[in-house]
Amino acid sequence: MYPDQKTYWLGYKGSNAQYEYENPDTKHFEKDPMGLNAGIQIAQLRKEFGNNVAVEGISMKMYDGQITVLLGHNGAGKTTTMSMLTGFIPPTSGTAQVNGSDIRKDIQGVRESLGLCPQHNILFDSLTVQEHLIFFAKLKGVSGPDVDKEVMSTVRQVDLDGKLKASSESLSGGQKRKLSVGIALIGGSKVVILDEPTSGMDPGARRHTWSVLQQARQDRTIVLTTHYMDEADVLGDRIAIMAEGVIKCCGSSMFLKKLYGAGYHLVVVKRSDCNVDSLTKVVQSHVPTAELESVINTEVSYILPDSESSRFPALFTELDDHKDQLGITSFGTSATTMEEVFLNSELEQEERKITYQETQTMIKMAAGKRWKKSHEDFNKKDDFKQFCIKEQTYLFGLRTGHNRLAKHMFKTFRTGESEMCKCGDFAETTKHML
Ligand SMILES: Nc1ncnc2c1ncn2[C@@H]1O[C@H](COP(=O)(O)OP(=O)(O)OP(=O)(O)O)[C@@H](O)[C@H]1O
Ligand SMILES: [Mg+2]
């Protein structure tokens, strides 16, 4: 650096600026934790395979001392994201920093601190469990007598002591996963990336792995994917849900349950002489916002919003005291599960999947009514794109105050082309809504 250069006097402008991204959508994204170091920082990371956009410019941070869980349907882009973070595949654009090293400029630096458990085991058939662990411990810079110590503690950690001398090809599916988790953790890797680590493990082994990971998260940044919702709930300090290559929401399990959860489910088991209407009246006399969810065989299910929890005791007492009169045998409650959160977030995606053509048609129809200005606003392609990303068609109506119309339009578009062509009918049905 020379005095005649600007940087000599001003220094380099925060090279981390690209990672300083705060999602303005505070409804779906919980504020990042304060005071924690981010082992992984992702900035606009994107991957295209030909015409297929697998990861669509995601930005987020994953923190030391935490487990960040990535959830998403098959093909959502989880493995692709992890493959870019570990340098398996190069990003199309954007970048990420893993433990201080940029994945585009210093993949060697990334790998020094990295432990990986890939979705599909990458093991050497003829090497034993012990040889694998020795190999990876040395690869990660462990040397001398520490190697043996590390190998023995890891093998105990993942519960493979009995298989130390067994070749990897002779291991069962679950045992191979345990070995892959051990390989990821050995050598004190600061950043550990685990792609479906517990797939194929029995329930006991899964729970064991949970406690191993919970202990291992101290001083490390751990990222994992899973299709087990209970696992995400137990392990995830922060949970991000991905769909179509985009992170749709992120936050603690509590945050996401508040966002997508219905609240509590009250399940009442009825006798044949039970009158469901009377039962519903009793439930709603205590919790007016309770909704009848379903009646299946002898089970009547209600949704009780958690904001009304102070009214639950009186309701339960009444149900308990009047079992005979109400014709019920028992009842119980359950809270929102992660599964519900995941499915509801997917449902939201479904509703938002709407094509350019559909939106154009809708806008044209709407333009004939009161939304002329909006039509012009959104007619340009760029505006449309922004509009899609930010709010989508469904919210278009909400924004202009036509809540019911927005929902109706949505249904109309989802029912198919023929329905869409009936503009006249559409105008007729929606007339009273405008
Ligand atoms: N090497 C590749 N070439 C072309 N397309 C790919 C490649 N790898 C992944 N894809 C595509 O990218 C998308 C995301 O795949 P990815 O493996 O990241 O999903 P995932 O979220 O890990 O799913 P799963 O839960 O099934 O493991 C998919 O549509 C997939 O077909
Ligand atoms: Mg995957």
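Mentor: Helices (H or I, at least four residues) and strands (E, at least two) are DSSP runs, numbered from the N terminus. This is a predicted model: local features need pLDDT of at least 70, side-chain atom pairs count only at pLDDT 80 or more, and totals for chains, interfaces and linings use all residues. Residues are numbered from 1 along each chain as its sequence is written, with chains lettered from A and ligands numbered from 1 in written order.

Trainee: Which element gives the largest share of the shell around ligand 1?

Mentor: The shell (C-beta atom, placed from the backbone, within 6 Å) includes Asn52, Ala54, Lys78, Thr79 and Thr80. Two elements give two or more residues: S2 and helix H2 (78–85). The largest share is three residues, and it comes from H2.

Trainee: How many residues in the shell around ligand 1 are charged?

Mentor: Members include Phe49, Gly72, Asn74 and Gln119. By class, three are nonpolar and eight polar, Gly counting as polar. Asp, Glu, Lys and Arg count as charged; the shell's charged count is one.

Trainee: Which are the edge strands of the four-strand open sheet?

Mentor: Strands pair if DSSP finds at least two bridges between them. The order is S12-S13-S11-S14, with antiparallel pairing. Two strands pair on one side only: S12 (291–296) and S14 (328–335).

Trainee: Which residue in S13 stands opposite Ser294?

Mentor: S12 and S13 (residues 299–304) pair in the antiparallel sense over five bridges. Opposite Ser294 stands Ser301.
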